[in-house]
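The entries follow in the order in which I checked them.

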Amino acid sequence: MRISIQNKYNYGFSGRKAPMDEESKAYYRRTAKYSKYTDELPKWKFKYFEGIQEGLESFKGMKIKNIFALLRNLTVIATIRNCSSNCSDCCENAQKPPTPADFKRDKKLTRMMPWEQYEQTISDIGELSDRVGIDLLNTRSNWQSDATALFLDSDSIYYRSKDKNGVVKDAADAAELYLEKLKKRSLLITTAGVVQSDSRTQEVITKLNDVINKHPKRVQLNISINEFHNLMQASQKALEEGNIEKSMRYRELYTNRMANTIFQFIPAIENCEYFSILTTWLDKESVFKLKDEIAKKVEEKALKNDLELPAKLVKSLNTESGRKIRPLGKAIKLYGITDPPNADEMMKIAMENEIDLNKFYKILDANGQFYITNELFTSKIDNLRLKSKNLKTPEITKATKKFGAKIIRGELKIIRRMK
Ligand code: SF4
């Protein structure tokens with residue numbers, strides 16, 4: 001899932017102690033001279049805070065400076081990993097969810113952050129922030145992001161985990177806990193659409209609407225309309241084979257799914273920041289056309305249900321702003337691009353396009369492992385002192401595809417090759 005926090009960037013820190021891999025070290029050396037933002041933690045006297053973390057299970061045995069450094073710019077808490085939508089522009093290491101046989105074979109394998117860990121972590125971060133008196137995930141005065149995503153290469157709406165009493169907790173429970181405990185922060189929810197026959201997830205959306213309405217203006221909801229989605233890929237493939245009927249069938253499936261998802265969220269739209277994120281690999285007009293088809297279906301549903309569309313939704317569905325992305329990640333294979341740029345070339349492109357690679361953010365994986373990334377390089381850092389650290393998730397090597405989205409502005413050659 002794309003991490004898209006509007007106009008909000010992430011800044012790094014230099015106080016980390018964890019080892020970096022060779023690639024990251026080289027990167028640091030090369031970019032040090034360009035750095036405006038490889039900044040330090042706030043100039044606090046950490047020794048006066050030492051001990052304030054007492055009794056917080058997640059940070060057991062950790063120094064306060066280390067905790068502050070880890071939490072700073074924590075932009076992703078991956079409650080769920082992997083996704084079956086299989087969009088071809090997803091992160092390079094994004095995989096389909098493990099099968100029941102995989103779970104049987106490897107008992108340590110996990111896709112979901114265990115609820116107990118999530119609850120402990122969020123509660124401990126909230127408690128520590130309250131004790132210190134600031135939002136610890138946002139400790140820079142000109143830092144603009146106050147939102148965290150509960151997903152990485154996944155759609156957080158599908159989060160499910162049992163608590164210690166065997167009660168199933170879902171994405172709405174996770175959102176409610178986050179908004180309750182982290183009072184100074186907002187939450188980013190992005191979905192690529194929910195299958196209509198999936199009544200369980202439709203129920204989660206209804207619950208989520210209540211959570212959003214209970215915490216007005218604290219949730220940013222992105223609906224991703226994406227030509228890289230597997231249904232749209234199938235439609236495109238059928239078109240290339242000359243099978244128009246099959247192509248239209250897949251397109252219908254996709255537009256129905258998206259219209260239905262948008263329609264489900266209507267009761268909460270006025271109480272959140274709402275965006276339709278349009279992504280194309282052809283040209284912007286083609287994704288605007290797709291969006292218009294979905295918008296028409298939403299309007300028809302509203303009419304049928306005698307419902308007035310919220311003004312915010314109408315505005316979003318009329319927006320003609322999308323992004324064309326160069327397929328980095330998995331799509332490199334799909335489009336037969338055999339010469340993706342290496343790290344040095346990407347660095348050069350980034351510099352030429354004034355992409356600030358010194359803006360780092362942190363990811364907390366479902367097993368309590370922290371990563372630091374600037375989207376080009378990703379490194380493991382520390383982990384939470386929780387039971388789940390023994391669980392296995394796919395390693396995060398290329399954190400997001402956002403870099404690909406930015407980089408495209410400077411490099412048009414491969415886009416042309418795509419056409
Ligand atoms: S882009 Fe989002 S919806 Fe698509 S495969 Fe990746 S996580 Fe899933």
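I began with the pair α6 and α8, whose crossing is right-handed, a crossing being right-handed if the near helix is turned clockwise from the far one by less than a right angle, and left-handed if anticlockwise. I note for this and every later entry that the model is predicted, that local features need pLDDT of at least 70 and side-chain atom pairs count only at pLDDT 80 or more, while totals for chains, interfaces and linings use all residues. Residues are numbered from 1 along each chain as its sequence is written.

Helix α6 covers residues 199–214 and packs against α8 at an angle of about 20°, with the axes 8 Å apart; axes are lines fitted to C-alpha atoms, for helices over the stretch in contact, and angles run from 0 to 180 degrees between N-to-C directions. Helices (H or I, at least four residues) and strands (E, at least two) are DSSP runs, numbered from the N terminus.

I then listed the contact, in which Gln202, Ile205, Asn209, Ile212 and Asn213 of α6 meet Gln264, Phe265, Pro267 and Ala268 of α8; two residues are in contact if their C-beta atoms, placed from the backbone, lie within 7 Å. By class these residues are five nonpolar, four polar and no charged, where Ala, Val, Leu, Ile, Met, Phe, Trp, Tyr, Cys and Pro count as nonpolar, Asp, Glu, Lys and Arg as charged, and the others, Gly among them, as polar.

Next I turned to α8 (residues 244–269) and α9 (residues 284–304), whose axes come within 8 Å and cross at roughly 50°. That angle makes α8 oblique to α9, and the crossing is right-handed. On the α8 side I found Thr255, Asn256, Met258, Ala259, Ile262 and Phe263, which meet Glu293, Ile294, Lys297, Val298 and Lys301 in α9. This contact has six nonpolar, two polar and three charged residues.

Which residues touch the most other members of the largest nonpolar core? Among its 77 residues, I found that they are Ala78, Ala171, Ala175, Leu208, Ile262 and Ile294; such a core is a set of buried Ala, Val, Leu, Ile, Met, Phe, Trp, Tyr and Cys residues joined through C-beta atoms within 7 Å. Helix α8 gives the most to this core, with nine residues.

In α5 (residues 171–181), the buried residues are Ala171, Ala172, Asp173, Ala174, Ala175 and Tyr178; a residue is buried if 20 or more other C-beta atoms lie within 10 Å of its own, exposed if 12 or fewer, and partly exposed in between, with C-beta atoms placed from the backbone.

My last entry concerns Leu231, which lies in α7 (residues 230–240) and counts as buried with 22 C-beta neighbours inside 10 Å. Beyond four places in sequence, I found Leu231 in contact with Tyr250, Leu253 and Tyr254.

Conventions:
Angles under 35 degrees count as roughly parallel, over 145 as roughly antiparallel, 65 to 115 as roughly perpendicular and the rest as oblique.
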